[in-house]
Amino acid sequence: MVYQDLLKGIGEICGIQLLDVSERYHDEVYVSVQKEDFKKACIALHKYLRSPVMTQFALDNRQEQKVFVLYCGFMSIRYKKWVFVVTEIPADTAQFDSLSKELYSATLFEREIKEMFGIEPCNSPDTRSLRLHDEVWPRGQYPLRKDFKTGLSQANLLGEYAFAKVEGEGIFEVPVGPVHAGIIAPGHFRFSSAGEPIINLEIRLGFTHRGVEKLFEGKNIFEAIKLSECVAGDAAFGHSWSFCQAIEKNCGVTVPKNSSAARAILLELERMYNHVNDIGGIAIDVGFSFPAAYASLMKETILQLNEKITGSRYLKGANTIGGVNFDLNEEKKRLIKSSLGAFAKDFEELKNILFSSVSFMDRVDGTGILRKKTAEDFGVVGLCARASGIAADLRKDFTGIYDKVKFHSEKQETGDVLARLNLRILECEESMRLIEQFLRIVGGSENKILIRPQPKAGFALGYIESWRGPVLYWVKIDAQGFIERCKIVDPSFHNWPALAYAVLGNIIPDFPLCNKSFDLSYAGNDL
Amino acid sequence: MIQILKNRLIKGIVSQPVELKSLVKDNLAAVELESVGSELQKLIRKKFGRSLHIREVDTGSCGACDSEIISTTNPLYDVQRFGVNFVASPRHADALMVTGPVSKNMLGALKKTYGAMPEPKFVITVGDCALAGGVFKDSYYTAGGVNAILPVALHIPGCPPKPLEIITSLLTFLSCCK
């Protein structure tokens, strides 16, 4: 069955009038529906494509057509398509039926749309602000509207955020953050516990909100690459690749095979240094400092290798529209090979040290379980989803350059800290194998881009399986060639709520361990 | 345990002449690090009575600067051996190290953290965004750098600055100030 039949079937069974179905690119389909049918269409697609809400965002089109445009994106592994439900919302009645009660994965997106555009999701169970904290941001100011101006009145401040209250005898609350004890990004965690076990955890984020999406607007596409690298510093390459991919797709730029392979090498290197960092982090969070120090040196190895290849330890500035900014000559290829060889030996040692410690294994085994059902309901993506038994990996599902190599997407079933640890180890090893294969594809100086591509009006989605999971960039370019709207979804945005469920029933001292095993980004989530 | 001891013996001391299998041998940085580090240690001994304690606060950085600050504490750079320590509480700190362009949401927390530190104290900013906002300068939600809020004594530029740059900047600064 082709996807058109599926859409037609959905239209008939659910009684939805499909205004328009357009296949904009080979992997992107936009389905326009009436505002009243939006909810039904989203629920039907969720059900038949077996996909959570992967992205949901609005677009301010009031100047031209007096409407807001609402998009809700789903991923179809079976048809290898991204399906967007699109509807128009009249500017004078800026509201739509909330999906949150049926699709939990839409909740955060709807809160975001509400605070950024002032479009009300009707009957939503949670309408609290997300990133624009009530303590510092006045009500009624919507930054992503086109007519928004900075410089605001300080009236109308709402004051405190309403945390969920747990009541009963012997219940106490432990507030933590936003400034934490270590060198980490800010976030507020509020534990309610009875004795040791956590009975509720509420996570309040947004502390690193910098208004990134607004900053993209009006930028030239080349300038914006730098900004995309600063969305989440530890996934800088995943973000810049995803952004470049969206632009390349929109402007019809074909990326040469060897450039794609060079990008894939860097993406895998980024995965490796972060995974080994997390493995060390898990060790330090149970107080096992030797392997943590060992892992931090291994991370340093990769960072130094990154610098030798691209000039940046965090791979900033490596990407450009149409390819990469560096040469992978024979010398660099040899360097990568020899570094990986030594890394592999160290990696074996690291594994031995961890797995031969009974007390370490006791701490990680069975801790912080995220059940498959919970993960599915929350729309958990990426590594955390695979550790809970959900087989989803953009590298496998939407191959791209990965179909040129032998690639096995790893998976675990138990969903505990140990599963995520094991998965990181397996993925790290797979990355080493992948890099070896990609090294055979990359060429020499042909990587350099000679022609600067011209921006073209239109929109497209870029998607990359970064080390945390899928990084999505939906970019719209206006007639003058500047960015009109850029919607970013970091995998952390999907996964943070699931952390609050994974820790339930665990003791508070195990929270850092669970948190590190998820290792979600604050900056990527807060934008 | 035996495994750890074995590995510990095989690896030896990595932070002196750099010797890890996987680290590239011709590491000039390591030589430089040693000379910079011992000088830093002397200065810290003289001026702070043995050690300089730093409290780090992220006010909305992308995370790369924080990652590099953590890198300065790894066994290769091992900044602690020169007397520089990162502490958990502002009450224990001599200096406040700030990354990020100061998101509005972090403004209060930043001021509180600074207020909780005992005198004498000074502020170090790390990374381009912390200076004047960097790429986030024009945002509706940033305060435009730490300078606008707290007196900044030292700025370490870079996106992100490398661990060695952080250590050298600290040294240069400490040798200038009384």
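Modeller: Before we start, two strands count as paired if DSSP finds at least two bridges between them, and please keep in mind that this is a predicted model.

Biologist: What do E4(A) and E5(A) form, and how many residues lie between them?

Modeller: They form a hairpin with four residues between the strands, and A:Lys80, which is in the turn, has a positive phi of about 55°.

Biologist: Which strand does E3(A) join?

Modeller: Strand E3 (residues 55-61) of chain A is joined to E4(A) by seven bridges, and this pair runs antiparallel; within it, A:Gln56 stands opposite A:Cys72 in E4(A).

Biologist: And E2(A) with E5(A), is that parallel or antiparallel?

Modeller: That pair is parallel, with five bridges between strand E2 (residues 28-33) of chain A and strand E5 (residues 81-90) of chain A, and the bridge partner of A:Ser32 in E5(A) is A:Val86.

Biologist: Switching to helices now. How many residues has H16(A), and what length does it reach?

Modeller: Helix H16 (residues 491-502) of chain A has twelve residues and reaches 17 Å from its first C-alpha to its last, which is close to the 16 Å expected at 1.5 Å a residue.

Biologist: Why is H16(A) described as largely enclosed?

Modeller: Nine of its twelve residues are buried, so H16(A) is largely enclosed by the rest of the structure. The buried residues include A:Phe493, A:His494, A:Trp496 and A:Leu499.

Biologist: At what angle do H16(A) and H17(A) pack?

Modeller: H16(A) packs with helix H17 (residues 511-518) of chain A at an angle of about 150°, and their axes are 10 Å apart. Because angles over 145 degrees count as roughly antiparallel, H16(A) is roughly antiparallel to H17(A).

Biologist: Is the crossing left-handed or right-handed, then? And which residues of H16(A) and H17(A) meet?

Modeller: The crossing of H16(A) and H17(A) is right-handed. On the H16(A) side, A:Asn495, A:Leu499 and A:Ala502 meet A:Cys514, A:Asn515 and A:Phe518 in H17(A), and A:Asn495, A:Leu499 and A:Ala502 are also among the buried residues of H16(A).

Terms used
Residues numbered from 1 in each chain as written. Chains lettered and ligands numbered in written order. Predicted model: local features only at pLDDT ≥ 70, side-chain atom pairs only at ≥ 80, totals over all residues. Helix = DSSP H or I, 4+ residues; strand = E, 2+ residues; numbered from the N terminus. Expected span 1.5 Å × (residues − 1). Buried ≥ 20, exposed ≤ 12 C-beta atoms within 10 Å, placed from the backbone. Axes fitted to C-alpha atoms, helices over the stretch in contact; angles between N-to-C directions. Parallel < 35°, antiparallel > 145°, perpendicular 65-115°, else oblique. Left-handed = near helix turned anticlockwise from the far one by under 90°. Contact = placed C-beta atoms within 7 Å.
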